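Here's a quick briefing on the pockets in this model. Have the structure open as you read.

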Amino acid sequence: MSSTCLATGYGLIEGPLWVPGRGLIFSDVHNGGVFCLGDDGRVTTVFEHRRGIGGMALHVAGGLVVSGRAISFKAFAGGDTVNLLEQSAAPGIVGFNDLTTDAAGRVYVGSLAQSPFEDPQTARTGDLWLIDLDGTARVVGRGISLTNGLGFAPDGRTLYHSDSRVHTVWRYAVQPNGDLGPKEPFVNVARGLPDGLVVAVDGSVWVALADGGHGVAVFDAAGRERDFIRIPEPMCTSVCFGGDDLRDLYIVSG
């Protein structure tokens with residue numbers, strides 16, 4: 001398995017997303033901005049300035065759903081930002097982190113009850129939210145210490161969710177209306193902290209390991225580690241599949 005460094009010089013890269021016809025979209029949480037690595041190897045700016053984007057999803061209207069202080073839609077063509085879920089949705093929310101979508105187009109995103117970059121004296125937990133197709137939002141999971149990567153199993157019946165501060169990737173049974181069953185441990189991570197994740201067509205779960213993890217751990221659907229991909233940087237933040245056949249693995253770091 002060979003690897004190539006494609007871009008450097010950023011602060012904390014997050015939210016990798018493959019967009020057909022464009023390339024690899026990613027954000028710089030600390031320095032701000034959303035960028036695109038094209039097929040020609042050049043990096044261009046998609047959106048300027050916005051900081052704190054931990055997760056992104058492609059929107060059918062031609063733009064991105066992005067996280068941060070709120071969950072927002074930003075069109076590629078420009079124009080006003082449309083907020084889909086605000087901090088005021090519940091007391092104590094300071095922002096939102098990683099997000100994903102199901103096959104129907106519903107958005108799942110975790111809320112933050114404190115900054116992920118502070119060492120809390122008293123840990124406060126966030127929730128897992130669902131933004132439904134009619135624009136309404138509701139809590140579908142509770143008690144998340146530090147919400148990070150989210151991804152669905154190929155059949156859509158299981159949702160995986162990284163909870164970094166407790167070193168755990170949870171799994172939930174998914175109901176037809178998008179609601180979730182109780183969270184259950186999928187894997188407990190021994191090295192580093194579980195951060196962004198992606199699920200392959202064979203059901204394996206690829207988890208970026210931050211805070212000294214130095215790479216991506218690959219777990220089969222039963223939770224057994226079957227592979228590890230090492231990177232030089234200790235802060236491996238997220239991962240996604242891309243390329244025309246989705247057989248390329250993109251890894252981002254801080």
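Which element gives the most to the lining of the second largest pocket? That's β22, with 6 residues. Keep in mind that this is a predicted model, where local features need pLDDT of at least 70, side-chain atom pairs count only at pLDDT 80 or more, and totals for chains, interfaces and linings use all residues. Residues are numbered from 1 along each chain as its sequence is written, and side-chain values use heavy atoms, with hydrogens and water left out.

**Largest pocket**
- The largest pocket holds about 1400 Å³ of space.
- Its lining has 48 residues, and the closest to the centre are Thr 100, Phe 152, Val 198, Val 199 and Phe 241.
- Elements giving two or more residues to this lining include β9 (95–101), β13 (147–152), β17 (193–199) and β21 (236–242).
- β1 gives the most here, with 5 residues.
- By class, the lining of the largest pocket has 26 nonpolar, 12 polar and 10 charged residues.

**Second largest pocket**
- The volume of the second largest pocket is about 880 Å³.
- Of its 28 lining residues, Thr 4, Cys 5, Leu 6, Ile 231 and Ile 251 are the closest to the centre.
- β2 (23–28), β20 (225–230) and β22 each give two or more residues to this lining.
- The lining of the second largest pocket splits into 17 nonpolar, 8 polar and 3 charged residues.

**Terms**
- A pocket is an open set of points on a 1 Å grid over the protein atoms alone where a 1.4 Å probe fits, with protein on both sides within 12 Å along at least five of seven lines; lining residues have an atom within 4 Å of a point.
- Grid points are joined across faces, edges and corners, and a volume is the space filled by probe spheres set on them.
- Strands are DSSP runs (E, at least two residues), numbered from the N terminus.
- Nonpolar means Ala, Val, Leu, Ile, Met, Phe, Trp, Tyr, Cys and Pro; charged means Asp, Glu, Lys and Arg; the others, Gly among them, are polar.

Methods. Helix = DSSP H or I, 4+ residues; strand = E, 2+ residues; numbered from the N terminus.
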